[in-house]
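This report walks through the structure shown below. Keep the model open as you read.

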Protein chains: 2
Amino acid sequence: MPENLVRLKERLARLKRLSEVSELLGWDQQTYMPEGAAASRGEQSAVLSQLIHDTFVSSETADVLGAAEQEIAGADPDSDDVRMLAVVRRDFDRETRVPSDLVAELSRHQAVAHSIWVRARKENDFASFAPALEKMLDLTRRRAEALGYTEHIYDALLEGYEPSLKRSEVAAMFAGIKPALVEMTRAIGASARPVDASLLHRSYPTEVQKSLTLKLAEEFGFDLKRGRQDEAAHPFCSGFNRDDVRLTTRLDPNYLGQGLYATLHETGHGLYEQGFTVEYDPTPLGTAASLGVHESQSRLWENMVGRSRNYCVHLFPQLQAAFPGALGNETTESFYRAVNRVEPSLIRVEADEVTYNLHIMLRFELECELLTGELKVSDLPEAWNTRMQAYFGITPPTDSEGVLQDVHWSAGLIGYFPTYSLGNVMSGQLWHAVRRAHPDLEEQIRRGQFAQLLEWLRANVHRYGRKYSPATLIEKATGEPINSRYYLEYLTAKFSEIYGL
Amino acid sequence: MPENLVRLKERLARLKRLSEVSELLGWDQQTYMPEGAAASRGEQSAVLSQLIHDTFVSSETADVLGAAEQEIAGADPDSDDVRMLAVVRRDFDRETRVPSDLVAELSRHQAVAHSIWVRARKENDFASFAPALEKMLDLTRRRAEALGYTEHIYDALLEGYEPSLKRSEVAAMFAGIKPALVEMTRAIGASARPVDASLLHRSYPTEVQKSLTLKLAEEFGFDLKRGRQDEAAHPFCSGFNRDDVRLTTRLDPNYLGQGLYATLHETGHGLYEQGFTVEYDPTPLGTAASLGVHESQSRLWENMVGRSRNYCVHLFPQLQAAFPGALGNETTESFYRAVNRVEPSLIRVEADEVTYNLHIMLRFELECELLTGELKVSDLPEAWNTRMQAYFGITPPTDSEGVLQDVHWSAGLIGYFPTYSLGNVMSGQLWHAVRRAHPDLEEQIRRGQFAQLLEWLRANVHRYGRKYSPATLIEKATGEPINSRYYLEYLTAKFSEIYGL
């Protein structure tokens, strides 16, 4: 085996293991860490991140990477080694292109802006956050310029979350689905068959929810020998590597929808993380292809499976047995309708399947305009509210329920939002492809059988890890370039039936 | 402030934070980590430990340490800076004296020997463990020679756990207490007032134990904003720093003594960790003075407090209320006697206060003889059993319950055992000193008040962290050099009364 490639892999393996440790710090912080440990945890994370960054962008990495590239020149372009080197080269160039003083300044400002945002949201005081956001945008513009782009400054940022995706492609995708979503939202609002979701808001003891949601995760195929589930204020999935994947959920004793769908969503993420090829551990290929692909997995299990009528047929009797007081007199159909209730709402993370993407589009449009300077920070709240009125027909009564609701911008995560919608679109396309491959898939789900679905996702998505770009991965899996046709068809069919449109 | 000292402190602060992360890996491994993650966790730990070690023993550390020593030459020898540099110098010299290939070989052999031991203990097969132990002793001798010593090879190892303590001092201490302990054990065995501990072996629901033990830890003064309690197969306390201290306990639904005293013991460790001077965080002074001092804190809270009649007066009504089925018809006195039952037994970690130190002496004697070659590994089981018969009057029916019971030797922890007894001795001396300072202390404990005890320990022990050697620390706190008089007086008075000797 080529000597420099071996050395590079050893170096990357050490860095991968350190990154896993860094993720453990984050997981612990959001699950079990005592509150008094926040300051020291911040320092632990900073020291470790700095160390990982410095080691990765060092001249030693540059040398051995360059030498390894020479060694494998001419090898099969689809081999794991060639693909891995391409991924590493891309990361290395991105991380070295931004001057280290700008990296440090951004890191410092993220901490500051985040804490200002926390207070501003709490006190509904956008004005106090505005200067921090202004500075964040300035630093982000400088970072984007350093990273470089050919079409649009936004591309430089987006690429960090979704390799090779362009702002223009996102804009085209949104342009393609927005009219249909706005119209569907309007029609549902005017429907003569409204959905009553009150059955979800009854008494659901959290201890019962805890064991039940874990059982559902396991039923989907989540391997509890290589993972677990805990509780967290904001549910997430943290996969250190394929053998250690931690789901979290949030259990509300008076709202079943919260914990149930948080678990199904995070299980989708977790199944992806557990499914990377064994040999990719610990290499740069043993991680997700992109945020969009990750979200396609969580949304597929949460929505296409978890909110389907067939799954409800399987699930509802279990729920009824677990919560006889709350659900004893309900039917599968009333449960199915309740978990699919659509209503324009203020808060993105609580949005239903139909309106969710409108929240994303609004953010995407605004952050593009902020970045180019078309929109001033001082005009942002008004722009937010105007668009809320246009897309949803409602106006946030406060900025805390409007422009201040999301953590992303305060944390410097600009260019991140579109990946949520991209994940939805991919999930529709994958869902179509897997049902074409297995025509009785929905019948299997009705019987509580998920193995064939998981196997198809393992074979066509999970195992590749980061080997292929999202575009290549989805095209290999579905036979078509990424497109929103199947997602829109899915939404239209489902909600037309539910709301009698 | 002197430039090199500042640079040294920054360097040490980064290393301290990384060590904290390393401890988190260990905590997580024993509490929540899924079993399938063992292999990757081993790699994460190895990469991080290697990195910490390499950074610490680097020429950069040597240079800046040497320069800092120059800068503070002539400063107050009792100042924190001077004491800290002495501690760092000692660590640096110890860590650099052992050749790195020997460090690596020991590390590899620890992993191998540990897994051989696990199997050997399970299958009661000492012969299969013997070669691994032989090799461990060889490597340990080489390590001790590299570390250096003046009196006895054992000193080089002991010093790693208990700074400046010599084998001869341990031997003298044991010689001073052994006859009394052997005689006390014999007399208790012949007592006409035997203790019935069966009340501890009833039904104690673990959920109730869980919340109750946490309440007891908090009552002692353990700060739950800077710590927590979880469950683990082998209870331990892991203090990453003073603001993040994790207790663990083990809850047995049919034995109250397990969880209750595991918590009180670990709380003693935890209070120590939470009590280091704020300004010592994150410096090398913000850790424990030694294993012995650490154990003195756990044993003081577990035994001098937790197994005292006065504490039982406070505790028992709470237990009765929590476990009415098990304890409804019992009395404080019967509970007090039960938790103080003395009986020669095979397993160290289950031993009572009187016989515990005999277990330690046996191990100390054997490991000294193994190290010098006086005792051959092949003769070890017989030597173990002969001494068990001499000290306890019992012989282990299997090696699993005898020479194979402890993890220490398989993990290369040779020279570690005496610190347990040293902790007991120190706890007796501290207990005497604090009651002299506060004559009504036991009355306070009877009322469930622990603040003055904790305050005294904070002021005289905890806050100093690693600033003073154990000998200096105990002498400052008690006005006398470390000695076993008070510990023996404590045991004699307590058990003479209980057993009517």
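Two strands pair if DSSP finds at least two bridges between them. Helices (H or I, at least four residues) and strands (E, at least two) are DSSP runs, numbered from the N terminus.

## Model and confidence

This is a predicted model, in which local features need pLDDT of at least 70 and side-chain atom pairs count only at pLDDT 80 or more, while totals for chains, interfaces and linings use all residues. Residues are numbered from 1 along each chain as its sequence is written, and chains are lettered from A and ligands numbered from 1 in the order in which they are written.

Chain A has a mean pLDDT of 97. In chain A, 100% of the residues reach 70 or more. Here pLDDT is the predictor's confidence in each residue, from 0 to 100. For the complex, the predictor gives an ipTM of 0.95 and a pTM of 0.95.

## The sheet of chain A

Chain A holds an open sheet of three strands. The strand order is 1-3-2, with mixed pairing. Strand 1 (227-231) and strand 2 are the edge strands, each pairing on one side only. On average, neighbouring strands are turned by 15° against each other, direction ignored. Such angles are taken between N-to-C directions and run from 0 to 180 degrees; axes are lines fitted to C-alpha atoms, for helices over the stretch in contact.

Strand 2 (residues 237-241) and strand 3 (residues 244-249) of chain A run antiparallel, joined by four bridges. These two strands form a hairpin with two residues between them. A:Gly239 has A:Val245 of strand 3 as its bridge partner. Strand 1 and strand 3 of chain A run parallel, with five bridges. A:Arg228 stands opposite A:Arg246 of strand 3.

## What covers the sheet

Is strand 2 of chain A largely enclosed, or open? Five of its five residues are buried, so strand 2 of chain A is largely enclosed by the rest of the structure. A residue is buried if 20 or more other C-beta atoms lie within 10 Å of its own, exposed if 12 or fewer, and partly exposed in between, with C-beta atoms placed from the backbone.

Helix 1 (residues 3-31) of chain A lies across strands 1, 2 and 3 of chain A. Helix 1 runs at about 150° to strand 2.

## How the two chains meet

The contact takes 27 residues from chain B and 27 residues from chain A. Residues are in contact if their C-beta atoms, placed from the backbone, lie within 7 Å. On the chain B side, helix 1 (3-31), helix 2 (38-56) and strand 1 (227-231) each give two or more residues. Helix 1 of chain B gives the largest share, eight residues. The chain B side divides into eleven nonpolar, five polar and eleven charged residues. Ala, Val, Leu, Ile, Met, Phe, Trp, Tyr, Cys and Pro count as nonpolar, Asp, Glu, Lys and Arg as charged, and the others, Gly among them, as polar.

## A histidine in chain B

B:His109 is found in helix 5 (residues 100-123) of chain B. B:His109 is partly exposed, with 18 other C-beta atoms within 10 Å. Leaving aside neighbours within four places in sequence, B:His109 is in contact with B:Lys135, B:Met136 and B:Leu139.

Definitions and conventions: Contact = placed C-beta atoms within 7 Å.
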